[in-house]
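Hi,

Here is the structure I promised to pass on to you. Have a look at it first, then read my notes below.

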Amino acid sequence: MRAVSDGFVGRPPAPWAAAKGLESVLAAWRADAAMTRCVRLDEVLPAREGRYAPIPDDLAAPLVAALADRGVTQLYGHQAEALAHARAGRHVVVATPTASGKSLCYHLPVLDRLAREPDARALYLYPTKALSRDQEQGLRALIGEAGLDAGAITYDGDTPGDARRAARERAAVLLTNPDMLHAGILPHHAAWARFFSNLRYVVLDELHTYRGVFGSHLANVLRRLARVARFHGSAPTFVFASATIGNPREHAARMLGAPVELVDRSGAPEGERHVLVYDPPVVDAQLGIRASYVKAAVRLTADLVRAEVPTLVFGQSRNTVETMLKYLRDRLAADHVDPELLVGYRGGYLPGTRRRIEEGLRDGKIRCVVATNALELGIDIGSLDAVVCAGYPGDVAGLWQRFGRAGRRAGASASLLVTSSRPLDQYVATDPRFVVGAPVEHARVDPDNVEILISHLKCAAFELPFEEGEAFGDVPSEAVADALRFLEDHRVVHSAPDGRGTRVWHWATDAYPANHVSLRSVGWDNFVVIDLDGDRTIAEMDWRSTHTMLHEQAIYQHEGEQYQVERLDFDNHKAYVRKVEPDYYTDAQTHTRVTVLCEDDAAWVKLGAGHGLAAGAGDVSVVEKVVGYKKIKFHTHENVGYGDVRLPEMQMHTTGCWLTVPEDAVRAQGIGRAEVLDAIRGLGSAMHLVASVGLMCDPRDLGHVLGDRSDPDGPPASEGGGPGFDPTLFFFDHVPGGVGLAARLFAEREALLLRTRALVEACPCKSGCPACVGPGGPEGEASVKARALALLASLGVGALQ
């Protein structure tokens with residue numbers, strides 16, 4: 001007979017006790033019939049054991065001791081592989097998931113070298129100032145624990161003058177960003193002679209962010225860096241670190257112009273991950289409108305916060321982030337959750353605010369942060385158990401970079417995508433296996449783009465004269481000589497024989513070329529946001545976002561609180577706001593118009609029997625204007641009013657090409673004009689995809705819009721609007737002045753059309769998907785895909801032979 005204990009075994013929890021932890025939330029969701037009806041995917045990715053390797057016996061003893069103090073007695077397999085490659089002088093790229101310990105892959109070889117060679121130097125490049133300053137703290141801590149007599153200093157636009165001098169003279173590790181290297185260091189390399197002559201390692205973190213025009217610029221900056229280092233007598237080893245992309249080795253090799261070793265098999269253990277796709281219920285079946293994905297994301301996040309699950313929520317825009325933060329605080333007020341546990345994180349917050357939030361996350365003082373993609377990058381925010389994405393970010397790589405912020409080496413985590421009513425989101429909801437099964441997108445760059453290459457050859461000639469027979473990275477010496485002769489014809493450089501009879505090209509103008517080359521093609525200064533009541537600066541805003549978020553009478557949302565813009569001093573870049581408590585927020589309305597300024601080339605494209613279509617290329621004006629704003633009521637999302645916005649147009653002169661479908665071809669389709677325009681719009685999406693691959697650029701570098709070629713002075717028309725006659729697809733460089741993308745597209749116009757047809761025909765989807773003409777529409781002859789193919793046939797674009 002069993003003895004009876006003094007207390008009850010397995011006492012049930014008190015009815016008032018709230019369940020805690022991720023497992024309880026997942027169990028509650030799976031037991032909720034209304035919830036499960038809307039869950040399109042509920043998959044468990046199993047935990048994975050770690051793969052380890054011993055710390056090399058010949059690693060510097062102080063570094064081994066520092067690792068031991070941190071409890072590190074062995075390395076993950078990928079860390080050991082990367083360390084071996086880097087110490088052997090082989091360029092290497094490490095492409096493993098978030099939180100897999102990539103930082104040690106480059107810290108270890110760098111600090112090992114510093115321990116053996118105190119005069120050695122290393123350069124760390126990060127895409128943003130915030131990330132470099134975040135990483136500086138962790139690196140300094142490791143250097144201190146190893147007892148190394150070496151300094152690590154961030155060198156950017158915010159670095160004071162005395163610290164800049166110290167960086168040049170004494171910093172063993174310099175942390176900076178591509179823009180500062182391009183314009184602030186390389187042109188003044190003589191002042192950095194000691195640094196460059198001892199440069200042993202160059203580290204590029206977040207390699208996946210360097211794509212398109214920005215990546216092509218940086219590849220040329222790396223060519224200049226290697227050239228300057230070689231002049232000073234060094235040949236550094238490059239170590240790249242990247243989140244998951246489809247082509248890490250090829251991308252790193254293209255950036256560097258040299259072979260690169262690949263380490264992509266993570267040795268870090270991974271906990272179990274629950275991946276869910278939630279599609280809010282339909283509230284208007286006739287219009288296909290679903291319940292607000294923002295409110296659905298807030299409701300599900302509130303469940304996690306109540307259960308004390310550290311959670312990160314991603315919003316699609318700054319306004320969405322602030323709105324979700326307010327909703328979350330309002331919803332959890334009844335549960336007596338301290339609003340300070342719920343914070344926002346986005347561009348525009350002052351550096352001190354961001355540091356406070358990051359520190360609170362690491363220390364566990366913050367339970368939930370609502371963020372834009374500013375937190376996709378590898379800023380150290382400690383351990384999180386759940387990520388909620390409010391809306392599909394547009395590509396698989398971006399989604400998994402967000403999902404990767406949750407889930408550490410042990411324990412379960414949750415990754416939840418809440419889809420909106422947008423067609424792309426609904427495609428994902430219809431085929432949710434896309435989330436876990438689709439291939440990850442490739443990163444593309446084109447360092448040999450003529451305009452970009454010439455601009456950096458100018459910068460390189462300013463830094464050091466070019467000798468005859470000298471290559472520029474992987475650009476052959478013959479091509480370099482041709483480019484230099486072109487610059488000489490334009491009196492930018494001049495040539496003269498040196499004492500050995502070798503021709504040398506010298507910089508020949510007074511201009512400072514790096515000042516005229518923007519790596520990111522982002523101009524204009526930021527605006528500051530000033531609180532009138534406290535007479536203090538509370539935020540900053542980039543020039544473009546100011547038009548939509550800081551126009552007069554706008555409700556500017558900041559850290560979950562609302563401010564009304566009383567006055568916008570556009571000339572002095574200041575917005576004056578006052579704290580208010582409205583029951584609405586504002587949403588700006590913008591329109592975009594593309595106008596042909598000058599047609600340099602024109603052609604009639606007819607590849608077979610059919611109508612054909614007109615093609616053109618030249619200078620275009622892309623005008624974006626904020627024409628007004630709506631007042632949207634909090635929680636109900638009712639439209640409760642409008643207002644006018646009187647701000648200057650955002651005008652960009654760039655280069656473009658266009659394809660005009662003749663009116664005869666539109667009428668010949670035998671369907672309504674709206675259906676034809678849907679087909680043309682779908683073809684525009686497919687052409688944009690084909691063009692991005694063919695031009696090796698980021699899709700965001702090439703703008704495209706459906707407009708009306710014959711009415712350039714008509715009202716502004718956005719891609720979602722209804723253009724009139726002569727529907728025209730415009731493609732334009734998303735860079736002021738252009739970088740030659742549209743011109744190359746015009747030259748390849750026939751191949752573009754043929755490859756577009758081949759792409760759409762070969763796509764296995766039935767009615768259209770993001771991989772071809774875009775999602776949406778019924779199946780069969782009435783689908784966007786079928787109509788797009790019929791239109792191509794009518795225009796004489798046959799199948800690719």
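Asp-279 is buried, with a relative accessible area of 1% (buried means under 20% relative accessible area, exposed over 50%, and partly exposed in between, using a 1.4 Å probe and protein chains only). Helices (H or I, at least four residues) and strands (E, at least two) are DSSP runs, numbered from the N terminus.

Before you go on, keep in mind that this is a predicted model, where local features need pLDDT of at least 70 and side-chain atom pairs count only at pLDDT 80 or more, while totals for chains, interfaces and linings use all residues. Residues are numbered from 1 along each chain as its sequence is written, and side-chain values use heavy atoms, with hydrogens and water left out.

How many salt bridges are there by this rule? The count comes to 41. One of them joins the side chains of Arg-51 and Glu-81, at 3.3 Å from N to O. Arg-51 lies in the loop between β1 (39-45) and β2 (52-54) and Glu-81 in helix α4 (residues 77-87), so this pair ties together parts that are 30 residues apart in sequence. Arg-51 is partly exposed at 22% relative accessibility, and Glu-81 is partly exposed too, at 31%.

Arg-667 and Glu-663 make another salt bridge, with their closest N and O atoms 3.4 Å apart. They are four residues apart in helix α21 (residues 663-668), so about one helical turn separates them. Arg-667 is exposed, with a relative accessible area of 60%, whereas Glu-663 is buried at 13%. There's also a network: salt bridges that share partners join Arg-223, Arg-254, Asp-446, Asp-448, Asp-474 and Arg-744.

Now for the nonpolar side. The largest nonpolar core has 49 residues, and Ile-680, Met-687, Leu-702 and Leu-745 have the most contacts inside it (such a core is a set of buried Ala, Val, Leu, Ile, Met, Phe, Trp, Tyr and Cys residues joined through side-chain atoms within 4.5 Å). Helix α22 (residues 673-694) gives the largest share of this core, eight residues.

Cheers

Note on methods
Salt bridge = Lys/Arg side-chain N within 4 Å of Asp/Glu carboxyl O.
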